[in-house]
Amino acid sequence: PWSEPAVLRGTAAEWPAVRAARQSDEALVEYVKRFSKGKRVAAIVGQPEIGGRFFYSDDMLGLNFERGQSPLEPFLDRLLRDREHSSPIAMAVQSEIIPEVLAGFEAENKVDLVPSNVQPRAWIGNRIQVAPHYDLYENIGIVVAGRLRFTLFPPEQIVNLYAGPFEL
């Protein structure tokens, strides 16, 4: 077990999903759709005014986004449609268990860095920002398409990080 963060470039370079993403956004979406079979996913959506930053509302009495359910296919189609828009609706599917929503994807796109009983999860979205927070589990982040920036804080900074969600 590792005791500090590490960047492992190229870990998923040969994944079929990564190869599809290198071809085009459309190729990746078609690849992912092969596995979805109409499954519904939990999605969060924020108006363009939030600039992709999911957070609390200005009065801190609610959230600046809405939660809902959607079949994955139209969610992916909307991402494609809005990708060149300068101020798109912020959209994210977060922490969906891959074998439940994309059965078979995990078999074609494996990572041998975790035990086989750990269920992989998917985060899919457009240009969004998530406030610094504490994850309960250790993570391996694999970027299939686009860019993702992780900002890590040392454990002694837990007292300074978002521990929410606050009760609304």
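**View 1. A charge over a ring: R53 and F55.** A charge sits over a ring if NZ of Lys or CZ of Arg is within 6 Å of the ring centre and within 35 degrees of the ring normal. Here, in this predicted model, the charged end of R53 sits over the ring of F55, at 4.2 Å from the ring's centre.

**View 2. The whole chain and its confidence.** Let us step back for a moment. The protein chain has a mean pLDDT of 90, with 93% of its residues at 70 or more. Confidence is highest in helix α1 (residues 16–23), at 98, and lowest in strand β6 (residues 129–130), at a mean of 86.

**View 3. The surroundings of A43.** You will find A43 in strand β1 (residues 40–46). With a relative accessibility of 7%, A43 counts as buried. Leaving aside residues up to four places away in sequence, A43 touches E66, R67, G68, F75, A92 and V93. M91 is 48 residues from A43 in sequence, yet their C-alpha atoms are 7.1 Å apart in space.

View 4. Together with Y31, F35 and F105 form one aromatic cluster.

Methods: Residues numbered from 1 in each chain as written. Predicted model: local features only at pLDDT ≥ 70, side-chain atom pairs only at ≥ 80, totals over all residues. Heavy atoms only, no water. pLDDT = per-residue confidence, 0-100. Helix = DSSP H or I, 4+ residues; strand = E, 2+ residues; numbered from the N terminus. Buried < 20%, exposed > 50% of the residue type's maximum accessible area, 1.4 Å probe, protein only. Contact = heavy atoms within 4.5 Å. Phe/Tyr/Trp six-rings, centres within 6.5 Å; stacked < 30°, edge-to-face > 60°.
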